[in-house]
Amino acid sequence: MITINEHYLKLQASYLFSDIAKRVAAFQEKNRSQIIIKLGIGDVTRALPKACIDAFHKAVDEMAVDESFRGYGPEQGYAFLRETIAKNDYQLREADIADDEIFISDGAKCDTGNIQELFSQNIKIAIPDPVYPVYLDTNVMAGRTGRFENGRYSGLVYLDSKKENNFVPALPDQDVDLIYLCFPNNPTGSTITKSELKSWVDYAREKKALILYDAAYEAFIHDPFLPKSIFEIDGAREVAIEFRSFSKTAGFTGTRCAFTVIPKDCAAFDAKGNKRLIHPLWNRRHTTKFNGVSYPVQRAAEAVYSEEGKKQTSDLIAYYMKNAKMIRQVMEELGFECVGGENSPYVWIDGKRDSWDFFDVLLNKAGVVCTPGAGFGKCGNGYIRISAFNSHENVTEAMQRIRQAFK
């Protein structure tokens with residue numbers, strides 16, 4: 001008799017976006033002439049940079065000629081892209097990362113979910129709240145949690161991110177083995193300083209723990225004193241893995257290209273306490289279960305680092321950050337406390353009421369869709385997230401409607 005992985009039965013229904021869709025559909029049915037502006041989903045809306053498109057076309061043309069055709073590429077990624085990433089994203093920022101410590105993939109979401117396969121089921125895991133759901137759900141699937149009770153899974157250590165700690169969680173008050181961190185944070189838009197990040201690295205070194213550091217939004221950091229990578233912190237090579245993506249940086253959400261950085265010093269331990277390097281374990285997993293990102297996509301990603309690509313990407317980011325600034329400014333003028341929107345494309349807003357109630361107010365009075373914070377965890381209740389990923393025209397219109405709604 002074939003049986004299922006019953007840990008999947010612990011998963012809570014993915015109600016957040018389905019519930020949003022139902023409420024929006026009900027509103028639209030009653031207000032057919034109303035144009036709804038969606039500022040909830042974190043998806044880019046502008047075209048790929050021209051430099052990337054040109055590289056894409058050139059690579060596709062290469063695939064049309066026998067002499068330059070490419071079949072299977074290296075699962076870890078082509079050397080031209082790995083070397084370019086290592087130089088521009090790390091070595092130029094004095095972060096000691098080599099090209100063969102970089103693994104190209106089709107998404108940071110995939111990598112943050114897949115990496116947990118390398119670790120035993122018995123480890124103690126620390127997860128932020130509010131949280132990007134992939135961190136949580138993949139560990140539920142793997143059987144590292146108990147049942148879902150009172151809004152949380154037993155067996156996990158939740159790292160509360162609240163106004164009182166500027167949405168940067170404190171170190172856990174108990175020993176943990178695997179720590180998820182995300183900065184700039186999704187959903188709160190909060191950032192972490194070098195000294196704060198160093199305290200996490202020092203904790204991981206002391207406890208022989210490992211940090212999974214999601215830096216998918218690092219390109220939106222403009223404050224020169226904030227770290228863009230955990231590998232800017234001394235000692236991080238031994239205790240951290242970093243995830244990055246071209247999705248928000250250069251609009252690759254539909255093109256799919258990302259990378260994971262695993263230093264060759266980074267280690268975990270076997271049941272006897274022997275040190276085991278993670279790099280070869282991930283390489284084994286990667287080459288077994290993944291066949292690589294397509295050649296044209298990798299050439300397009302490489303073009304992000306060209307002079308033209310850097311300028312065009314910077315212009316894209318500035319476009320979205322202009323939206324974020326507008327969103328935060330208007331919401332603060334209306335009397336709401338906000339986080340994010342300065343080094344992050346997300347604005348986290350204290351609605352001074354239940355998250356879903358505030359969602360309904362914005363939808364019904366302004367025709368604007370946000371994301372209720374309660375969908376990201378218990379600490380998100382009372383907040384909403386507004387995304388800057390839309391056109392200037394739509395964001396301007398949305399803010400005008402919201403002003404009118406709260407007059």
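V157 counts as buried because its relative accessibility is 8%, where buried means under 20% relative accessible area, exposed over 50% and partly exposed in between (1.4 Å probe, protein chains only). This is a predicted model in which local features need pLDDT of at least 70 and side-chain atom pairs count only at pLDDT 80 or more, while totals for chains, interfaces and linings use all residues. Residues are numbered from 1 along each chain as its sequence is written, and side-chain values use heavy atoms, leaving out hydrogens and water.

**Around V157**
- V157 sits in strand 6 (residues 157-160); helices (H or I, at least four residues) and strands (E, at least two) are DSSP runs, numbered from the N terminus.
- Beyond its neighbours within four places in sequence, V157 is in contact with K124, I125, A126, I127, P172, Q174 and V176, contact meaning heavy atoms within 4.5 Å.
- From V157 to P172 is 15 residues in sequence and 7.7 Å in space, C-alpha to C-alpha.

**Helix 12**
- The buried residues in helix 12 are H392, V395, A398, M399, R401, I402 and A405.
- They pack against strand 1 (37-38), helix 10 (307-333), helix 11 (355-366) and strand 15 (368-369).

- Setting aside residues up to four places away in sequence, I211 touches I179, L181, W200, V201, A204, I230, V239, A240 and I241.
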